[in-house]
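Please keep the sequence and the structure in view while reading.

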Amino acid sequence: MGISDLPALNASLNALSAVWLTLGYICIRRGDRVNHQRAMLAALGTSALFLVSYVTYHANVGSKPFPGQGAIRWIYVTILFTHIVLAAVILPMALVTAARGLRKRFDRHVSLARWTLPLWMYVSVTGVVIYVMLYQMY
């Protein structure tokens, strides 16, 4: 695997993180705390792998400008902007949410998780969308 393969890996890790998040949500809705914890820790681990791969790619290649013009460019920039802002926010949120759950501080865990889950899901899904728009459409 070379540096040029990392964007596809990043998108795959984002997609896998979204799958883990979905499974974790399903498990907790069913009252299955053990599998919820496993799925959410898997999502956290997958996101950590993504971060390492993402930083490695951009440290070696830099950024790739979006070549699209017109309305598609505005759509891309809007998605990218919201993705970047929320990605910066979600990292500490996910870590604090996980720490609260692992410490069995469930009341505080749940109150933060209600915000963390949808934002983390948005970041994971838009990461895949950005990859498709930047590396597959053009």
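How many residues does α1 have, and how far does α1 reach from its first C-alpha to its last? In this predicted model, α1 has 24 residues and spans 34 Å between those two atoms, close to the 34 Å expected at 1.5 Å a residue. After α1 comes G31, with a positive phi near 85°.

The next topic is the inward side of this helix. The residues of α1 that are buried include L6, P7, N10, L13, S17, L21 and C27. These buried residues pack against α2, which covers residues 33-61, and against α4.

The packing with α4 can be described in detail. Helix α1 (residues 6-29) and helix α4 (residues 106-136) pack at an angle of about 150°, and their axes lie 9 Å apart. Because angles over 145 degrees count as roughly antiparallel, α1 is roughly antiparallel to α4. The crossing of the two helices, α1 and α4, is left-handed. On the α1 side, the contact involves residues including A8, A11, A15, A18 and Y25, while α4 contributes, among others, L117, W120, V128 and Y135. By class, the residues of this contact comprise 15 nonpolar, five polar and no charged.

S17 lies in helix α1 and belongs to the contact with α4. Is S17 buried or exposed? S17 counts as buried because its relative accessibility is 1%, and buried means under 20%. Leaving aside residues up to four places away in sequence, S17 touches A43, T46, S47, W120 and S124.

Technical notes:
Residues numbered from 1 in each chain as written. Predicted model: local features only at pLDDT ≥ 70, side-chain atom pairs only at ≥ 80, totals over all residues. Heavy atoms only, no water. Axes fitted to C-alpha atoms, helices over the stretch in contact; angles between N-to-C directions. Helix = DSSP H or I, 4+ residues; strand = E, 2+ residues; numbered from the N terminus. Parallel < 35°, antiparallel > 145°, perpendicular 65-115°, else oblique. Left-handed = near helix turned anticlockwise from the far one by under 90°. Contact = heavy atoms within 4.5 Å. Nonpolar A, V, L, I, M, F, W, Y, C, P; charged D, E, K, R; others polar. Buried < 20%, exposed > 50% of the residue type's maximum accessible area, 1.4 Å probe, protein only. Expected span 1.5 Å × (residues − 1).
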